[in-house]
Amino acid sequence: MTTPVVFITGASSGIGRETALAFARAGYHVCGLARRQDRLEALAAEIANLPGPHGDFLAVAGDVRDADTVQDAVRQTIDAFGRLDVLVANAGLGHSGTVVEADWNDLRTVMETNIDGVLHSIRACAPAMREAGGGHILIVSSIVAAVHTPYTATYAASKAFVSSLAGSLRLELEDDQIQVTDLLVGRTLTDFNVNRLGPIKREASGLPTTGADQVAEAIVRAARGRPRRVVFRLFDRLVLLGGMLVPGIMARLAKRQYRPQD
């Protein structure tokens with residue numbers, strides 16, 4: 001039986017790292033793309049030492065903002081494993097602060113990572129999936145894609161973009177037997193908030209948090225089940241429902257959570 005192959009961006013930490021481990025445990029060969037070579041090497045060693053049968057891991061250091069880098073990483077994946085079946089477009093960067101006063105380079109970095117990076121990944125992986133007779137693209141979005149969130153507006157807008165993209169891309173690629181899944185992730189226990197750009201570093205308080213390993217296992221299940229959309233928790237579903245039914249109230253709640261402290 002042919003071993004399936006998954007390409008994961010942002011694989012050096014957080015959800016991406018746990019997803020690489022989860023797919024390897026599930027018997028997939030994994031290519032992990034991320035900027036931090038040292039963390040990729042540590043992940044490679046951990047996967048190599050997993051107990052029992054598991055997939056192999058290919059580490060590729062690079063930035064998803066560069067299209068040629070992503071294209072080259074996909075070529076390395078094909079050279080190493082002979083095919084590509086699944087893309088997890090996970091690489092992302094947060095931002096907290098006002099839109100008007102934010103440093104423009106910060107905003108541009110967020111948009112280039114969260115939007116351009118997803119587009120580069122899809123455009124590199126989809127042709128390889130066609131060659132394999134089909135595949136599956138899973139785009140890591142966020143529940144804030146459907147909610148107005150003052151002081152995290154740029155990040156939320158980038159996630160709204162990729163969620164909208166997932167719905168349209170699903171129809172564009174259906175004749176190629178390539179499924180597209182929109183993964184709407186809620187607050188997850190990672191170093192995401194520490195690494196986000198902008199002046200506001202505090203976390204929103206009082207919100208339930210999921211472990212990155214739990215999200216990763218759900219992503220593996222989604223790769224097998226091929227749903228159109230995944231919302232991980234009841235709380236996240238309630239947030240999405242509130243964003244649809246009472247958007248003004250939800251926006252004011254978000255403003256209270258994320259506004260700068262005096």
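Mentor: Gladly. Helices (H or I, at least four residues) and strands (E, at least two) are DSSP runs, numbered from the N terminus. By that naming, Val60 lies in strand 3. The model is predicted, so local features need pLDDT of at least 70 and side-chain atom pairs count only at pLDDT 80 or more, while totals for chains, interfaces and linings use all residues. Residues are numbered from 1 along each chain as its sequence is written, and side-chain values use heavy atoms, with hydrogens and water left out.

Trainee: Why does Val60 count as buried?

Mentor: Buried means under 20% relative accessible area, exposed over 50%, and partly exposed in between (1.4 Å probe, protein chains only). Val60 has 5% relative accessibility, so Val60 counts as buried.

Trainee: Which residues is Val60 in contact with, leaving aside its neighbours within four places in sequence?

Mentor: Contact means heavy atoms within 4.5 Å. On that basis Val60 is in contact with Cys31, Gly32, Leu33, Ala34, Leu40, Ala73 and Gln76.

Trainee: What is the strand order of the open sheet?

Mentor: The seven strands run in the order 3-2-1-4-5-6-9, with parallel pairing. Strand 3 (57-61) and strand 9 (229-231) stand at the edges with a single partner strand each, so one side of each is left without a neighbour in the sheet. On average, neighbouring strands of this sheet are turned by 15° against each other, direction ignored.

Trainee: How do you know that strand 6 and strand 9 pair?

Mentor: Two strands pair if DSSP finds at least two bridges between them. Strand 6 (residues 178-185) and strand 9 have three bridges, in the parallel sense, and Leu183 stands opposite Val230 in strand 9. Strand 1 and strand 2 pair in the parallel sense too, over five bridges, with Thr9 opposite Leu33 in strand 2.

Trainee: What makes strand 2 mostly covered?

Mentor: Six of its six residues are buried. His29, Cys31 and Leu33 point one way from strand 2, while Val30, Gly32 and Ala34 point the other way. In a regular strand the side chains alternate between the two faces of the sheet.

Trainee: How do you know that the reach of helix 1 is close to the expected one?

Mentor: The expected span of a helix is 1.5 Å times one less than its number of residues. Helix 1 (residues 14-25) has 12 residues and reaches 17 Å from first C-alpha to last, close to the expected 16 Å. Its buried residues are Ile15, Gly16, Thr19, Ala20, Leu21, Ala22, Phe23 and Ala24. After helix 1 comes Gly27, with a positive phi near 95°. Helix 7 (residues 212-225) gives another case: 14 residues reach 20 Å, close to the 20 Å expected.

Trainee: Why are helix 3 and helix 4 called roughly parallel?

Mentor: Axes are lines fitted to C-alpha atoms, for helices over the stretch in contact, and angles run from 0 to 180 degrees between N-to-C directions. Angles under 35 degrees count as roughly parallel, over 145 as roughly antiparallel, 65 to 115 as roughly perpendicular and the rest as oblique. Helix 3 (residues 67-81) and helix 4 (residues 104-132) pack at about 30°, with axes 9 Å apart. The two helices are therefore roughly parallel to each other.

Trainee: What is the angle between helix 4 and helix 5?

Mentor: Helix 4 and helix 5 (residues 153-173) pack at about 15°, with their axes 9 Å apart. That makes helix 4 roughly parallel to helix 5.
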